[in-house]
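Trainee: Could you walk me through this structure? I have not looked at it before.
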Amino acid sequence: MPQTYRIVVAKPGLDGHDRGAKIVARALRDAGYEVIYTGLHQTPEQIAETVIQEDADAVGLSCHSGAHMTLFPRVVKLLRDQGAADVLVFGGGIIPKEDVPVLKERGIEEIFTPGTPTSAILDWLRVRLAKKAS
């Protein structure tokens, strides 16, 4: 029986735009992943706690408020500090291309910006989770 991966989709910060996060969550669910959507206005601490409590394999973060440079790395740090450094962290939203390399240096493995087909996210996640499992 193939492994079912658990993925948390979260909206850190005060931004109230969650359409993209919901689309990604639905695409993940339709592809066979177990998805936990945290809803709007989550703190990095709440997100890390959810990831740990749910024993998630990955967390997808979405930010449209411009606070991604603070919020995304904070989630990574909290996961590492709490012994969950093996959780894959990926992100999306309105993120300037010059911020992407810095976010990757800070532990966010991939960034998906508006217009990215959900199939690209699914393809990346499938490959990355298989690599993690081996």
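**Helices and a strand**

Trainee: What covers the buried residues of α2?
Mentor: The cover includes β1, β2 (34-37), β3 and α3 (68-81). Contact here means heavy atoms within 4.5 Å. Helices (H or I, at least four residues) and strands (E, at least two) are DSSP runs, numbered from the N terminus.

Trainee: What should I know about the model itself?
Mentor: This is a predicted model, where local features need pLDDT of at least 70, side-chain atom pairs count only at pLDDT 80 or more, and totals for chains, interfaces and linings use all residues. Residues are numbered from 1 along each chain as its sequence is written, and side-chain values use heavy atoms, with hydrogens and water left out.

Trainee: Back to α2, which residues are buried?
Mentor: Pro44, Ile47, Ala48, Thr50 and Val51, in a helix of residues 44-53. Buried means under 20% relative accessible area, exposed over 50%, partly exposed in between (1.4 Å probe, protein chains only).

Trainee: Why do they line one face of the helix?
Mentor: Because the buried residues of α2 fall within an arc of 160° seen down its axis. The arc is that of the directions from the helix axis to the C-beta atoms.

Trainee: Is Leu61 buried or exposed?
Mentor: Leu61 is buried, with a relative accessible area of 3%. Leu61 is found in strand β3.

Trainee: What does it touch?
Mentor: Leu61 touches several residues, including Ile47, Phe72 and Val89, not counting residues up to four places away in sequence.

Trainee: And α5, which residues are exposed there?
Mentor: Val127 and Lys131 are exposed, on the other side of α5 from buried residues that include Trp124 and Leu125.
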